[in-house]
Amino acid sequence: MGNKHRVVLITGASSGIGKCCAEYLSHRGYRVYGTSRRASDTDSPGSFQVSDTFTMIQMDVNDDDAVQEGIEYIIARESRLDVVVNNAGFGLAGALEDTSIKEVKFQFETNFFGVLRVCRAVLPIMRNQGSGYFVNISSIGGLVGLPFQSAYSASKFALEGATEALRSEVQPFGVKVVLIEPGDFRTEITRHRMKTVQTTRDSVYSDTFQRVLNIIETNERNAPTPEQIAMLVFKIINTESPRLRYTVGKFSQRIAAPAKKFLPWRWFESILARNFHLK
């Protein structure tokens with residue numbers, strides 16, 4: 001099937017990784033639909049707009065009805081859906097002790113349950129087609145628990161497990177399921193990162209948290225822009241039998257996963273502590 005006949009849905013496409021992927025695939029002939037919780041500042045719920053390079057629709061992945069409405073909108077116009085890139089998400093920072101259960105649930109609502117909502121809404125379409133790709137954007141933080149990002153890492157660890165299971169379940173129907181695990185890239189996640197309420201108050205972790213957060217945000221600001229991820233998505237959806245996992249980013253970050261697997265834990269923990277100036 002030629003690119004101009006392949007339909008792509010990318011969640012969280014208003015900026016960063018999602019927008020970069022949407023523009024990259026659109027320029028290569030794909031019929032791309034991006035989503036945002038607010039397609040524009042003036043849009044009322046359920047309305048739609050077209051950007052310069054791809055169609056943008058308003059769809060909140062935290063809302064069952066909004067997800068179903070968004071998928072139905074695409075199918076009504078295209079009659080098929082070939083690729084879904086589950087990218088919508090955000091970062092929550094704070095010590096685990098300073099993170100309320102309500103805040104953890106809020107993190108999971110977008111980063112984990114939002115992906116499940118989209119997958120469940122699209123799966124019947126791809127099963128009936130006998131083809132399709134789900135590309136779930138995880139993180140190196142889904143392979144290694146990052147200090148002061150416990151809720152974020154937990155949401156990505158959960159996504160990793162669910163994606164593994166989903167891949168096995170839908171393989172007989174011709175549907176491919178893939179994880180991309182980026183390291184640091186220069187995106188809006190730095191500006192949009194949320195801090196737990198207790199973290200902004202008098203916390204025993206305040207000094208260490210701020211030191212670690214400064215390192216994290218400095219690394220993000222000095223990281224490359226996310227074109228590498230867009231190119232990787234393009235490669236994956238043009239591969240007949242893609243792998244389950246693809247890491248992308250600086251080698252020093254991508255090596256974390258195999259290092260965790262093969263090094264004694266005490267050694268790996270020491271490296272992690274030095275990297276984040278925890279000692």
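How many salt bridges does the structure hold? The structure holds 13 salt bridges, a salt bridge being a side-chain nitrogen of Lys or Arg within 4 Å of a carboxyl oxygen of Asp or Glu.

1. On the model. This is a predicted model, in which local features need pLDDT of at least 70 and side-chain atom pairs count only at pLDDT 80 or more, while totals for chains, interfaces and linings use all residues. Residues are numbered from 1 along each chain as its sequence is written, and side-chain values use heavy atoms, with hydrogens and water left out.

2. On the strands. Strand E2 (residues 31-36) pairs in the parallel sense with E4 over 4 bridges, and strand E1 (residues 7-10) pairs with E2 in the parallel sense, also over 4 bridges; two strands pair if DSSP finds at least two bridges between them, and strands (E, at least two residues) and helices (H or I, at least four) are DSSP runs numbered from the N terminus. Ser 36 stands opposite Gln 58 in E4, whereas Val 7 has Arg 31 in E2 as its bridge partner.

3. On burial of the strands. Because 5 of the 6 residues of E2 are buried, E2 is largely enclosed by the rest of the structure; here buried means under 20% relative accessible area, exposed over 50%, and partly exposed in between, with a 1.4 Å probe and protein chains only. Strand E4 (residues 55-58) is covered on both faces, with Thr 55 and Ile 57 buried on one side and Met 56 and Gln 58 buried on the other.

4. On the salt bridge between Asp 60 and Arg 37. The side chains of Asp 60 and Arg 37 meet in a salt bridge at 3.6 Å, N to O. The pair links distant parts of the chain, since Asp 60 is in the loop between E4 and H2 and Arg 37 is in the loop between E2 and strand E3 (48-50), 23 residues apart. Arg 37 is exposed, with a relative accessible area of 51%.

5. On the salt bridge between two helices. Asp 64 forms a salt bridge with Arg 117, with the closest N and O atoms 2.5 Å apart. Asp 64 lies in helix H2 and Arg 117 in helix H3, so the pair ties together parts that are 53 residues apart in sequence. Asp 64 is exposed at 52% relative accessible area, but Arg 117 counts as buried at 18% relative accessibility.

6. On a further pair. Asp 82 and Arg 80 meet through their side chains in a salt bridge of 2.7 Å, N to O; Asp 82 counts as buried at 5% relative accessibility, and Arg 80 counts as partly exposed at 22%.
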